[in-house]
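Please look over the structure below. A short report on its folds and contacts follows.

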Amino acid sequence: MFTSFFSVLLPTDRQLFSLLALFGLWSAFVSCLIFLPALAPVLQNASPMVRAYLLAATVSHMAMLNAAAVLIASAAYILTRSRTVAWSLAFALMLALNLFLLADAYAFSIFRLHLNAMILSLALPPTGWSSLDPTSSAVLKLALAFGVLLLAQIAGLLWAMRGAVRLKRRALVGLACVLIAIVAADKATYAYGDLFGRREILQVDKLFQLYQPFTVKRMASKTFGIKGNKGNAYAASDPATLAVGQLAYPLRPIELGQDSARHNIVLVLLDAWRFDMLNEAVTPNLDVFAREHATTFANHYSGGNTSRFGVFSLLYGLPGSYWDDALKQRKGSALIDTLATAGYEFHITSSVDLRWPEFRKTAFVNLAEADIRDAFDTKIKHKRDRTLTDAFAAFAAKRALGQGNKPFFYFLLFDSAQSPYSYPEEYEKLASQSALSAAGGDGLAHANRYRNALRYLDQLCGEILRAVLDTRLATNTILVFTSAHGEEFDELGFLDDSSAFTVGQTKVPMLVFWPDRPPARVERLTSHHDLAPTLLGMLGANNEPRDYSVGQDLFAEMGQSYLTSANWDATAYIDASNVCIFPAESSSMLSTEIRDSENRPADKPGEVLKRIRPNLSRMAQDMGRFYRR
């Protein structure tokens, strides 16, 4: 009974399944050959052990991808009982897979990025692949590669269909066992690398498109008590083996002029301060400062819609897509490192624990522990902000009296205006602190509590301004007031931050006081990526900004035509008319969103992509320019 049931459910043509598996094996071999040019530089610098692992991982990954195609073709045969359907589907799937891998290898060779939504938008109509600026020789090579690939797949198909090479069942079983062992070794090695922070192993995430990692860190900790590497997770890795995802930042060492200015720098971030909350009603002290003392950059955007990516873009001058590698490689900010070389004294103060977001392991990784203060006796945010302000006022008073002769960089990150909002009771003018929960509620009530918090922070900023502008520090101190990102109150269907690349979440104030510069208002487009070139220019850096940033001097005569902003899931292109959102994951490369400045879907997205094609090409280049080649 059971035998007859399974004979109906499953065909008995085992030979077809074996031949489909052989075709899959052939296709996997072709996939490996396609991948070899990208793998060669990594193998050249790797140790013998890592070299063996990467070769095994290559075989494992390509075998798994093609095995999926074999399983789908086999399932099609079970359902249709048609050998033609099975062979046709297997050929189409494996050819498509290898064409995708070939196109991905070509994109990676140009941008140091795998094929993603942004590159796909460059390559497909209406922009056309000419936007990738291929040379005639590159076009010829790619066309030749496509032709050879097609012939190889056809040859493999004929070889498998005709059974030209007959393998014994024992040989097939042995080969399957070898492949299973290689896959198991690949996943086990990756799990080991993840557990103990071995970057030379984890680089396969950057190397392979569609790679499926296998991690055991949580299970190892809960079940076996193995904690792995929780400290400087990648310090033990051999840098010589890190050929993929290794940052080349800055591209060249930054050289400083000997006679350049060494102004003090005070950088103040009111986290979640959005662009339209700089006014007399909400921030009266900062409003007066903007009109009477500072250069106001009225069309300024953060490089992210979250604190992590916003601060990263401000201190590094890089798109947020570099964040993950900067964290893994413990790569400090070129701005901070150059200030250290120039002899600056550092005071890094934050209401937020700088272990999360991880700025102790990124921007400030090369500073001494004594230079950083982010721990307090209270959990109340507005009290922590008060402590930061008092500490700065005391420091500034000593400096104003001539105590200390080093130039200083003073960083303050205030958190009271970041949801859930925090302020003393006397600031409950619009809404009380208990008016609604942090998770949501009425947008107006949310906004009112936010304004209360900003009014409180403005009072603290007034004290900082007086500590500098009313003393001798005003003659040699640069003051910068800005935010990591904005905030939204259900105007366009979103609350707080990190949920969309709308104006409310990405556009922020930028106020800069520069000794001997008269107050001014700048309307052209600027971004957080411009701060590092501005300050390093003050230090007399001989390098072009493109050596260490995608931005330019804030005070440059010509503005930029577009900017980028990022979060965990996507990178956004922003200009005066449109916002184009490109998902970071390859699995979402067909989910590009083209919107207008009011966050509405664009009426003619194809025309938008065609218009921004040159900027989009430059943006893609910038997102891969700071990786080693």
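Thr295 stands opposite Val512 in β9. Strands, like helices, are DSSP runs numbered from the N terminus, with at least two residues (E) for a strand and at least four (H or I) for a helix. Two strands pair if DSSP finds at least two bridges between them. β2 and β9 meet that rule with two bridges, in the antiparallel sense.

This is a predicted model, where local features need pLDDT of at least 70, side-chain atom pairs count only at pLDDT 80 or more, and totals for chains, interfaces and linings use all residues. Residues are numbered from 1 along each chain as its sequence is written, and side-chain values use heavy atoms, with hydrogens and water left out.

β2 and β10 run parallel and are joined by six bridges. Strand β2 covers residues 295–301, and five of its seven residues are buried. Buried means under 20% relative accessible area, exposed means over 50%, and partly exposed lies in between (1.4 Å probe, protein chains only).

These strands belong to an open sheet of eight, in the order β4-β3-β5-β1-β6-β9-β2-β10, with mixed pairing. Its edge strands, β4 (372–373) and β10 (520–527), each pair on one side only. Ile265 has Ile478 in β6 as its bridge partner.

| Strands | Sense | Bridges |
|---|---|---|
| β1 (264–270) and β6 (477–482) | parallel | six bridges |
| β2 and β10 | parallel | six bridges |
| β13 (578–583) and β14 | antiparallel | four bridges |

**Helix packing**

Helix α15 (residues 381–400) packs with helix α16 (residues 443–469) at about 5°, and their axes are 9 Å apart. That makes α15 roughly parallel to α16, because angles under 35 degrees count as roughly parallel, over 145 as roughly antiparallel, 65 to 115 as roughly perpendicular and the rest as oblique. Axes are lines fitted to C-alpha atoms, for helices over the stretch in contact, and angles run from 0 to 180 degrees between N-to-C directions.

Which residues meet? Those in α15 include His382, Asp385 and Arg386, while those in α16 include Tyr456, Leu457 and Leu460. Contact means heavy atoms within 4.5 Å. By class, the contact has eight nonpolar, two polar and four charged residues. Ala, Val, Leu, Ile, Met, Phe, Trp, Tyr, Cys and Pro count as nonpolar, Asp, Glu, Lys and Arg as charged, and the others, Gly among them, as polar.

**The four-stranded sheet**

A second open sheet has four strands in the order β11-β12-β13-β14, with antiparallel pairing. Its edge strands are β11 (563–566) and β14 (593–596). The twist averages 20° from one strand to the next. Ile581 stands opposite Glu593 in β14. Helix α20 (residues 613–622) packs on this sheet and touches β11, β12 (570–574) and β13. The direction of α20 makes about 140° with that of β12.

**Ala261**

Ala261 lies in the loop between α10 (217–224) and β1. Its relative accessible area is 33%, so Ala261 is partly exposed. Leaving aside neighbours within four places in sequence, Ala261 is in contact with Met538 and Leu539. Gly537 is 276 residues away along the chain, yet its C-alpha atom is 9.6 Å from that of Ala261.

**The whole chain**

The protein chain has 20 helices and 14 strands. Buried residues make up 54% of its 629 residues.
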